[in-house]
Amino acid sequence: MVSLKDYENGDTAWCPGCGNFGILQAVKKALVKVNLEPHQVLMVSGIGQAAKLPHYLKCNLFNGLHGRTLPVATGAKIVNPKLTVIAVGGDGDGYSEGGNHFIHAIRRNIDITYLVHDNQIYGLTKGQASATSAEGFVTKTTPMGAFSKPLNPIALAISQGISFVGRGFSGDIEHLSTLITEAIENRGFSLVDILQPCVTFNNVNTYQWYRKRVYKLDNSYDPKDRNAAFQKAQEWGERIPIGKIYAQDRLTYIEHDPEIERNPIIEQKHNPENFNKILDDFKI
Amino acid sequence: MSIDISFKIGGEAGQGLQTIGYILAKSMARGGLCVFTNQDNESRIRGGHNFYQIRISNNKVENLTEEIHVIIALDKKTIIEHKDELVKNGVIIFDGDKISVTDFDENLLNVPFERIAKEKADSTKMANSVAIGAAISLVGYDFDLLESVLKDEFDSKGAEISDKNIQASRAGFNYVSENGIDKFPYRIKKIGDSQDFIFLNGNEAIASAALLSGCKFVSAYPMSPSTSIQQFFASKMKDYCVVFEQAEDEISAINMIIGASFAGARSMTATSGGGFSLMVEGLSLAGMTETPIVIVICERPGPATGFPTRTEQGELEFAIYAGHGEFPRAVFAPGNVEQAFYLTSKAFNLAEKYQIPVIILSDQYLADSYFTTEKFDTSSIKVDRGEFFTESQVKKFGAYKRHLITESGISPRLFPGQKLGLVVTDSDEHTEDGHITELADVKINNVNKRFRKLELLKKDIGTPFVYGSKDADTLLIGWGSTYGALKEATKILNDQGSNVKMLHLNEIWPFPVEAVSNELKILDNSISVESNSTGQMAHLIRAETGIEVNKKILRFDGRPLTPQYILREFWKGR
């Protein structure tokens with residue numbers, strides 16, 4: 001059996017009290033719950049404070065470029081479907097720089113889990129507006145308040161037919177780890193948008209602010225109802241729902257081409273002779 | 001008997017020029033002849049003016065020529081634009097029912113393609129087959145060879161369509177036999193069979209070499225003139241259990257192949273200059289994470305969208321210097337399909353041996369031109385995946401470190417998913433075990449480690465190709481797809497009494513400094529011949545050897561270099 005100890009790894013470089021600590025703990029717990037050994041997991045991250053998370057775990061890791069987590073994760077999963085692939089990044093990484101990749105990962109329904117630490121602010125570059133900053137939010141680059149409407153990642157995901165989307169809160173580790181477990185176990189592309197206070201640069205969306213507002217979706221809510229989910233996704237302000245917001249059964253990328261699961265690319269023994277017939281196309 | 005005859009088929013996009021050209025070319029190749037074809041297309045689906053050119057010889061031909069013997073005109077514009085390219089006694093075949101020619105006095109051969117097609121094959125759609133038959137007859141070639149090619153091309157569309165095309169071609173053939181031009185001087189004869197040869201274009205050579213070399217994953221975004229590499233690879237997915245994934249953009253494409261390669265698959269992308277611009281960030285990522293990838297750039301004229309369907313060698317310096325930061329890479333630029341095939345295979349081996357990005361620099365001219373060439377020696381394809389971390393190395397090195405500092409600079413690879421160790425890498429500067437660091441000495445050690453690989457890589461770079469007069473007084477320098485034109489220009493100059501030598505580079509980076517210096521040092525007169533406006537190879541030679549090339553012959557109108565163009569520029573001012 002795998003235990004939390006198997007995933008422990010060294011010191012972090014986050015601010016004291018950072019919402020990332022709760023997420024790190026929830027990820028470890030989820031990995032133990034799904035009983036995966038560190039070598040069976042590949043985490044792919046981009047750039048930002050969130051993207052440092054896998055360095056504080058024990059697992060395989062490709063820490064790539066800002067916004068480019070999903071393409072790297074997709075390539076790795078296609079050639080080795082046996083890996084459990086988890087992409088992790090922040091709102092700047094995933095919803096701004098990587099916005100296009102996010103939309104297309106939903107379409108592709110590649111079986112990976114995407115964790116987005118959504119703190120509505122840029123932390124690593126020290127306090128600029130992000131794609132999810134509220135209207136009127138004053139930052140160093142929006143001194144008159146943010147004008148652009150915040151992106152709604154959950155509504156966007158549902159509109160594009162995502163396989164699984166949930167919202168977690170880094171202040172509720174148990175709930176978040178259960179949600180991440182479900183996302184990992186879901187076949188298909190799964191997004192967990194995680195409300196994460198930034199204790200240094202976001203003085204509005206604090207732990208206290210969230211604790212007052214978040215409520216857990218219970219059994220009376222049916223995450224298979226797309227229209228209800230779409231409405232739920234737009235609930236924000238006085239009450240903010242957390243939990244599994246939408247899920248549907250959809251053929252995954254790999255299931256669509258089952259041969260690449262039966263005969264995974266990284267297990268193929270290449271023999272050039274078996275490919276000679278390709279040159280018959282050029283016979284005169 | 002020496003044969004060197006060129007056809008030009010001109011018309012609008014959508015009139016079937018490529019089909020006529022391909023069938024005519026293949027019929028010639030089937031008679032043991034050497035064939036080279038290229039196409040000149042506008043960036044549109046219908047209309048405009050396009051042409052397809054075929055050169056046929058009993059000797060090896062690897063480039064086009066400006067001397068045309070037969071024009072097949074599917075529209076009047078073809079006659080107007082190309083009549084001056086005809087050699088003496090050359091002929092224009094056209095449909096007199098469709099094109100009025102009272103204002104021309106060239107050798108005109110009216111073959112009413114559509115009328116004959118309607119009469120003999122009951123469909124005007126067969127008009128192109130009439131034209132092919134007419135052309136075959138004009139040069140006195142064997143109809144049976146055309147018939148066998150038509151069967152191959154059209155049998156899949158059903159016996160009726162196949163038979164009608166053959167009937168139409170035979171009718172065109174007979175029409176010219178009866179009403180043709182007396183004593184047309186340019187004759188083509190079957191000289192043997194074709195079983196030792198193949199017929200393919202540059203993109204097909206690259207794509208097939210990738211498959212034979214064990215490339216299992218390609219991700220790309222369609223862009224002319226690279227798209228046929230992508231399509232060829234995709235067409236083999238089902239039979240060979242490889243994967244092509246059309247990415248949402250080129251940024252995604254390069255990051256996908258980096259992810260796939262990191263996870264253990266030989267991976268490649270293909271694009272043109274504009275797409276490569278988007279990939280440059282990822283190129284640097286491959287350099288930092290030491291992830292082997294192969295990138296094919298099929299150049300087209302820039303800047304920006306440029307001439308989307310035409311040719312240029314404008315990205316040599318871009319390919320060599322692209323990417324933020326400093327890291328080793330290799331850049332190859334094949335000169336014909338044979339070089340494209342073998343260099344692609346070498347690109348994969350070097351990428352994995354040194355864990356670096358390798359760029360194959362082609363262009364529209366090589367990408368779309370068909371060559372007959374001797375069958376490739378597939379037994380020479382060796383797959384070398386480089387050094388791997390094994391059970392026995394656990395004792396020697398302890399826990400696995402993806403970026404272990406070694407004397408060679410090469411850190412043994414391991415793919416994620418194995419109990420043997422965790423594989424960790426980072427686009428940040430990293431420790432040996434792949435985690436973020438800010439330490440100064442680690443950075444220095446890593447830079448030195450990565451560049452030690454370049455020193456070894458230099459030993460794997462082949463020497464440039466030298467051809468021509470041994471005691472030459474002038475050196476013509478070229479690279480990439482201009483190989484054939486340069487070689488023919490060199491031969492013509494020497495046949496005419498000049499003393500010229502040619503130096504062609506196809507393994508360009510790391511730059512073969514010694515070999516190039518040795519050739520340049522002994523000559524006072526050197527000329528760089530390139531399809532660009534600044535002479536990028538000349539810059540590179542000066543930067544790498546300190547020797548200045550005396551003169552440049554440059555072409556940058558989007559059209560391919562020809563021997564005639566090189567000769568005209570060579571003699572200018574002499």
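1. A:Leu61 stands opposite B:Val424 in strand E15 of chain B, and strand E2 of chain A (residues 60–63) runs parallel to E15(B), joined to this strand by 3 bridges. Strands (E, at least two residues) and helices (H or I, at least four) are DSSP runs numbered from the N terminus, and two strands pair if DSSP finds at least two bridges between them.

2. This is a predicted model, in which local features need pLDDT of at least 70 and side-chain atom pairs count only at pLDDT 80 or more, while totals for chains, interfaces and linings use all residues. Residues are numbered from 1 along each chain as its sequence is written, and chains are lettered from A and ligands numbered from 1 in the order in which they are written.

3. The contact (C-beta atoms, placed from the backbone, within 7 Å) takes 44 residues from chain A and 58 from chain B. On the side of chain B that touches chain A, helix H10(B) gives the largest share, 10 residues.

4. Within chain B, strand E2 (residues 34–40) has 7 of its 7 residues buried, that is, with 20 or more other C-beta atoms within 10 Å of their own, C-beta atoms being placed from the backbone. B:Cys34, B:Phe36, B:Asn38 and B:Asp40 point one way, and B:Val35, B:Thr37 and B:Gln39 the other.

5. E2(B) pairs in the antiparallel sense with strand E3(B) (residues 47–57) over 7 bridges, B:Gln39 having B:Tyr52 as its bridge partner, and a hairpin of 6 residues joins E2(B) to E3(B). E2(B) also pairs in the antiparallel sense with E14(B) (residues 370–374) over 2 bridges, where B:Tyr370 is the bridge partner of B:Thr37.

Terms used:
Two residues are in contact if their C-beta atoms, placed from the backbone, lie within 7 Å. A residue is buried if 20 or more other C-beta atoms lie within 10 Å of its own, exposed if 12 or fewer, and partly exposed in between; C-beta atoms are placed from the backbone.
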